[in-house]
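Dear colleague,

Here is the structure I promised to pass on to you. Please open it beside this message, and after it I will go through what was found.

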Amino acid sequence: MSLKGFQKAAVRAPQTFKQRFNIGEHTKDAVYIDSERRFNELETETKKLHDEAKKYFDAINGMLNHQIEFSKAIAEIYKPISGRVSDPDSIIPEGNPEGIQACEEYEGIVRELQATLAPELEMIQARVIGPADELMTVIKVAQKSLVKRQHKQLDYDRHRASLKKIQDKKDKSLKDEKALYKAENDVEQATQDFNYFNDLLKEELPKLFQLEREFIRPLFQSFYYMQLNVFYTLHEKMQSIDIGYFNLTLDIEEAFEAKRGDIREQTENLSIVKFKATGVKKPPPQSKYGAGRGTALEGPTSRLAIEGRKSSDAPTRRSTQDFVENPPPPYSNPTSPTLNDSSSMTRANSTGSSWGQAAKAKGAAPPPPKPKPSRLSGVPAATERAEALYDYEAQAAGDLSFTTGDVIEIVEKGATENEWWTGKLMGKQGQFPGNYVRVI
C-alpha cells in the first residue's frame, strides 16, 4: 500500500467501523447487494472447479505411479534377503521367480498405460485447469472494481454525515458557512464517484454471470468426454492383461483363498506374533553362587542371610561384595570369643577386604551375631566405651563402620557379645556386632 492509500484508509477508518457495526446511516442498494453475493459465489465455485480438476489430474497420475510402486514392493517381498543366515532360502537365487516375472510384466503394462493416457491427461490440463485459471484472472480484475465501489461508498456516507452535522447546527458562524460550502462540494463529488461504480457493476455483473455460464458449458462437456476416454482406456488395457501367474477363471475370493492356503493359521501359531505370552509361571530366580545357599528375607526388618550359614545357634546374615566361594565354618561357641583361641572361630567373610595388619596378627574376626532384634535387651546405665578389635564394614543402611583401634561410644548393647550393639563414632550412630569390640 502506498502512502496516499494509507492516508485514505486512515480517513475512512471511522466510517468503516460504523458500517461494520451498523452505526449511523449507510447507503444500501438491494440490486447491487444481490449481484455482489452472486459474484462472491462465482469466485468460490471457480476456485473449487480449478482445485478439483487439478486433484483429478494428480489422482490419475498418482494411481498409475502407485500401481508401479506396488508391483516393485511385491517383487522385493518375493525375493529372499540374500546372504542372511536368518533367511532359510538365502541359497536360492530367487524365492518366487514366477511371481517376480508377473510383477515385471504388470509393471510394463502399467507404464505402457501411463504413456497411452498422457495425451488425455494433458487435455485435462489444457481444457479444464487452464480455462479455470483464466476465469480466476478475470474474477480478480473484476474484484478490484468491487473494492473501488466499496471505498466510494464509504466516502459518500462519510461526507453525507459531515454535511448533515453542519446543517443541524442552529447558529452557524462564518467558519461553519465555509465548512458547509466545502461539505456540499465533497458530497456532490462523492455522489458522482459512487454512482458511477455502483451503476457500472449493477449493469455489467449480470453480463459476467451469463458469460461465465457459457464459459463453463464446454468446459464441463470436455471434462466428461475426457473422463470417458480415461476409463475406457483403463478398462480395455486391464482386460487384455494375460499374465499366466494369475488364474482369472476363478472368483476373486476363491483365487485369494487358493493362493493363501493355510498360511494364516501357520502364522498365528508362531509365538512371536502374539501380544500376550501364555507360558507357564516363571520359576523364582536362583543365586549365581549356588542353589543351596540362602538368600531369602526373613521379615520386614531382617537382613539377608549369609551364604552357606547352616548353624541353628545363630541366624544368618547376608554377605558383602567380597564374598568368596568357600564360606567360613559356622559359629558354634556361644560364649564370648577370645583373641588366642583361633580353633573355635574363624573370621567372618562379610566384613570387607580392607582389614589392617594388626587385625591379622590377632587372628580371624568372629562371625556376626544373629539378626538385629526389634528392641535391644539392655541400655547401659552410664556412658561406656569400647575399642574395636577388628575392622567392620557396614553391610546395610544403619550399620556403623570402624577400623581396628577405634574407640566407640556405646549407646545400647545387647545382653551378650553375640548380639548387635548400637554406638557412636565421629558423630555417626549405627549398629555393629558386639563381638567385634572390647569394652574399656
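Please keep in mind while reading that this is a predicted model.

Helix 2 runs over residues 30-78, and its 49 residues reach 70 Å from the first C-alpha to the last, which is close to the 72 Å expected at 1.5 Å a residue. At the start of this helix, a side-chain oxygen of Asp29 reaches to within 3.2 Å of the backbone nitrogen of Val31.

Two packed helices are described by the angle between their axes and the distance between the axes. For helix 2 and helix 4, the axes come within 10 Å and cross at roughly 20 degrees. Because angles under 35 degrees count as roughly parallel, helix 2 is described as roughly parallel to helix 4, and helix 2 passes helix 4 in a left-handed crossing.

Is Asn198 buried or exposed? Its relative accessibility is 4%, and since buried means under 20%, Asn198 counts as buried. Leaving aside neighbours within four places in sequence, Asn198 is in contact with Asp29, Tyr32 and Arg149, and with Arg149 there is also a polar contact of 2.8 Å between the two side chains.

Helix 3, residues 97-167, holds Val128, which is buried with a relative accessible area of 1%. When neighbours within four places in sequence are left aside, the residues in contact with Val128 are Ala53, Met123, Leu219, Phe223 and Met226. Val128 and Phe220 are 92 residues apart in sequence, yet their C-alpha atoms are 7.8 Å apart in space.

Helix 5, residues 252-260, can be looked at from both ends. Asp251 caps its N-terminal end, with a side-chain oxygen 3.2 Å from the backbone nitrogen of Glu253, while the helix is followed by Gly261, whose phi is positive, near 65 degrees.

Finally, please look at strand 4, residues 428-433, where Gln431 has its place. With a relative accessibility of 19%, Gln431 counts as buried, because the cut-off for buried is under 20%. The C-alpha atoms of Gln431 and Val411 are separated by 9.5 Å, and these two residues are 20 residues apart along the chain.

Definitions and conventions:
Residues are numbered from 1 along each chain as its sequence is written. This is a predicted model: local features need pLDDT of at least 70, side-chain atom pairs count only at pLDDT 80 or more; totals for chains, interfaces and linings use all residues. Side-chain values use heavy atoms; hydrogens and water are left out. Buried means under 20% relative accessible area, exposed over 50%, partly exposed in between (1.4 Å probe, protein chains only). A polar contact is a pair of N or O atoms within 3.5 Å; within protein, one must be able to donate a hydrogen and the other to accept it, and residues adjacent in sequence count only if both atoms are side-chain atoms. Contact means heavy atoms within 4.5 Å. Helices (H or I, at least four residues) and strands (E, at least two) are DSSP runs, numbered from the N terminus. The expected span of a helix is 1.5 Å times one less than its number of residues. Axes are lines fitted to C-alpha atoms, for helices over the stretch in contact, and angles run from 0 to 180 degrees between N-to-C directions. Angles under 35 degrees count as roughly parallel, over 145 as roughly antiparallel, 65 to 115 as roughly perpendicular and the rest as oblique. A crossing is left-handed if the near helix is turned anticlockwise from the far one by less than a right angle, and right-handed if clockwise.
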